[in-house]
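Have a look at the sequence and the model below, and then we'll go through it piece by piece.

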Amino acid sequence: MDAALFYIFAAMTLIGALLTVTRRNPVHSAISLILSLLGIAGIFLLQAAEFLFAVQILLYVGGVMVLFLFVVMLIHLEEAAKLRNYTRQWPVAVVALLAVLIEVLAFLNAGLPGLPPSPSPRPLLPGNTERIADALFNTYVLPFEAASLLLLVAIVGAVWMARKKEVAE
Amino acid sequence: MNFSPITTGHYLVLSAALLLIGSVGLLMRRNVIIMLMSIELILNAVNINLVAFSRHWQQVTGQVFAIFVITVAVAETAVGLGILIALFRNRGTVLSDEIDLLKW
């Protein structure tokens, strides 16, 4: 059961990702990316990361993808979709990626070296969200505050960048 | 690699495959919007990796770092799309090889 679910979600993720990078129309790409992100959310759920599952659905599928679709609609791309799909230096990219692929396959062939077996689960673990909150607000308070500052800067920056400039006379 | 009991290694393989697909998109597509989507794919591959090791070691730190990665990804997307809108307004294109003002 677990294995079947893993392969279903993995197939969703990889097929969605492949469609994202190959489709000509950016709207189709965005919808394929939603498929891929939903598969990743399922993978999180399989690994007992319920909070990240909820964040993935709400933030990525709900927030980021709406942002992408808004921009795709805002920038009309009918003529761009008819042009070449790939950059001129794509053979260089193919060579580099083939090298990485061969390296990854070699590692897979050799197996995972030195990954010790996981410790046995401790009894009476509280829920996943409580544990994340515990770690986030005790150990990682400073990075948390830095992340909030980063988000503030990003919001202000995005609004400033995308705003229509008045022509000064 | 056997197929039936799902181990941490299976998640790492999935993560590596997703990373490679994302890199293909980032390096080969002309459309900057698709390149931003490929960056999302790459960051999600990293998240799968972090969560897999978090499960493996029975520790929640990996998931906390995945939250930080998601935060940075969202900030990057917002700023990137803002830049893209400004770029389209000024140059009328979102194709990466036509943005060559600094190239000689």
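How many helices and how many strands does chain A have? Chain A has six helices and zero strands, where helices (H or I, at least four residues) and strands (E, at least two) are DSSP runs, numbered from the N terminus.

## Before we dig in

What you see is a predicted model, so local features need pLDDT of at least 70 and side-chain atom pairs count only at pLDDT 80 or more, while totals for chains, interfaces and linings use all residues. Residues are numbered from 1 along each chain as its sequence is written, and chains are lettered from A and ligands numbered from 1 in the order in which they are written.

## The two chains

Read along its sequence, chain A goes α-α-α-α-α-α. Of its 169 residues, 22% are buried. Here, "buried" is a matter of counting: a residue is buried if 20 or more other C-beta atoms lie within 10 Å of its own, exposed if 12 or fewer, and partly exposed in between, with C-beta atoms placed from the backbone.

Chain B has three helices and zero strands, in the pattern α-α-α. Buried residues make up 53% of its 104 residues. Its C-alpha atoms fill a box of roughly 55 × 30 × 20 Å along the principal axes. A compact globule of 104 residues would have a radius of gyration near 13 Å, but chain B comes out at 17 Å; this radius is taken over C-alpha atoms, and the globule rule is 2.2 Å times the number of residues to the power 0.38.

## Where the chains meet

How many residues of chain A are in contact with chain B? There are 66 of them, and they meet 62 residues of chain B; two residues are in contact if their C-beta atoms, placed from the backbone, lie within 7 Å. Helices H1 (2–22), H2 (26–46), H3 (50–74), H4 (90–110), H5 (128–138) and H6 (141–162) of chain A each supply at least two residues of the side that touches chain B.

That side of chain A divides into 52 nonpolar, nine polar and five charged residues. For the sorting, Ala, Val, Leu, Ile, Met, Phe, Trp, Tyr, Cys and Pro count as nonpolar, Asp, Glu, Lys and Arg as charged, and the others, Gly among them, as polar.

Now zoom in on H1(A).

## The nonpolar core

The largest nonpolar core has 60 residues; such a core is a set of buried Ala, Val, Leu, Ile, Met, Phe, Trp, Tyr and Cys residues joined through C-beta atoms within 7 Å. H1, H2, H3 and H6 of chain A, along with H1, H2 and helix H3 (61–91) of chain B, each supply at least two of its residues. H2(B) gives the most, with 14 residues.

B:Ile33 and B:Ile48 have the most contacts inside the core. Leaving out residues up to four places away in sequence, B:Ile48 touches A:Ile40, A:Ile43, B:Tyr11, B:Leu14, B:Ser15 and B:Leu18.

Look for B:Gln63 in helix H3 of chain B. Is it buried or exposed? B:Gln63 is buried, because 28 other C-beta atoms lie within 10 Å. Setting aside neighbours within four places in sequence, B:Gln63 is in contact with A:Ala49, A:Leu52, A:Ile132, B:Val51 and B:Ser54.

Two loops are worth a peek as well. Most residues other than glycine have a negative phi. A:Ala48, though, has a positive phi near 60°, and lies in the loop between H2 and H3 of chain A. B:Gln58 has a positive phi too, near 55°, and is found in the loop between H2 and H3 of chain B.
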